[in-house]
Amino acid sequence: MRASSLAVLLLLAPPLLAACGEDEEAPEQVEAKALPANLCTAVPAEVVERWALVEDVHDTTESADENKATCTMSGTARGAPVTLEVSLSSFAADDDDAVRKRMEEALEERCSRLESAGTGQVTDEDGRCAVESPPEPEGERGAVTEYSLARAANGISSVTMVHHGPLFGSVGAEVVGIGGTISQTDPADLG
C-alpha cells in the first residue's frame, strides 16, 4: 500500500469509527404503566351479572417502582356467597430486560407461595400458575387463585374467586377468563 493511501486511511478511520459508536443508544428507562383508577370496571359485565357481584372496595396506588390496582367484589349465586379479588401490578425498571426479569421473579415467588400453601392442585404453565381447591369437603371446594404474567401491563395479575355453593364447578373457568382479560389487555383499555 502506498504511503499516501495509508495516510488518508489513518486520517479517515477515527471519525468513521466514532460515528459508528454515536448510533448506539443507552437502554431507555421503562416506567410503570398507568393502571385503571377502578379495576372493578375491568371485570366483564357478564361475570358481574352471572354472579350478582357488587363492588366492595377498590384501590390504585402509584410509585416510581410499581403501580398496583386492586378490586374486591362479592355477591350471591344460587343462595351461596361469592367473593372475587383481582389485582394488577405494573413494574418500572432500567430497561425492557429488567422489567421482564422483575415480572418473572414476581410470578415465580407467588407460584411458590401457592405450592407451599398446599391447599389444592397447583398447575404451573408458561406465564401462569393456579391452584384450585379439591371438590371435597363441600365447605372448602370452589376456591381458585391464578397468577399470570401481565405482559401488556409490564407486570403480573392475580384473580381469586371463592364460591362454595352449587356453581363451584364454574369458578375455575371464570378465573381463567377474568385473568386472561386483565393480563392480556393494555391497562389503558381496561374498564
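User: Why does cysteine 71 count as buried?

Analyst: In this predicted model, cysteine 71 has a relative accessibility of 1%. Buried means under 20%. The value falls under that cut-off, so cysteine 71 counts as buried.

User: What makes cysteine 40 and cysteine 71 a disulfide?

Analyst: Their sulfur atoms are 2.1 Å apart. The rule asks for a pair of cysteine sulfur atoms within 2.5 Å. The pair meets the rule, so the two form a disulfide.

User: Which parts does the pair of cysteine 40 and cysteine 71 tie together?

Analyst: Cysteine 40 lies in the loop between helix H1 (3-22) and helix H2 (45-50). Cysteine 71 lies in strand E2 (residues 66-77). The pair therefore ties together parts that are 31 residues apart in sequence.

User: Why is the disulfide of cysteine 40 and cysteine 71 called right-handed?

Analyst: The torsion about its S-S bond is about 110 degrees, so the disulfide is right-handed.

User: Is cysteine 40 buried or exposed?

Analyst: Buried. Its relative accessible area is 6%, and the cut-off for buried is under 20%.

User: How do you know that cysteine 111 and cysteine 129 form a disulfide?

Analyst: Their sulfur atoms are 2.0 Å apart. The limit is within 2.5 Å, so the pair qualifies. Cysteine 111 lies in helix H3 (residues 96-117) and cysteine 129 in strand E5 (residues 128-132), so the pair ties together parts that are 18 residues apart in sequence. Both cysteine 111 and cysteine 129 are buried.

User: What makes the disulfide of cysteine 111 and cysteine 129 left-handed?

Analyst: The torsion about the S-S bond is about -95 degrees, so this disulfide is left-handed.

User: How many disulfides does the rule give, and what pattern do they follow?

Analyst: The count comes to 2. With bonded cysteines counted along the chain, the pattern is 1-2, 3-4.

User: Why is alanine 93 called buried?

Analyst: Its relative accessibility is 11%. That is under 20%, so alanine 93 counts as buried. Alanine 93 is found in the loop between strand E3 (80-91) and H3. Leaving aside neighbours within four places in sequence, its contacts include Gln29, Val30 and Arg102.

User: Why is asparagine 154 called buried?

Analyst: Asparagine 154 has a relative accessible area of 17%. The cut-off is under 20%, so asparagine 154 is buried. It is found in the loop between strand E6 (143-150) and strand E7 (155-163). Not counting residues up to four places away in sequence, asparagine 154 touches Val30, Lys33, Ser89, Ser90, Phe91, Val99 and Met103.

Technical notes. Residues are numbered from 1 along each chain as its sequence is written. This is a predicted model: local features need pLDDT of at least 70, side-chain atom pairs count only at pLDDT 80 or more; totals for chains, interfaces and linings use all residues. Side-chain values use heavy atoms; hydrogens and water are left out. Helices (H or I, at least four residues) and strands (E, at least two) are DSSP runs, numbered from the N terminus. Buried means under 20% relative accessible area, exposed over 50%, partly exposed in between (1.4 Å probe, protein chains only). Contact means heavy atoms within 4.5 Å.
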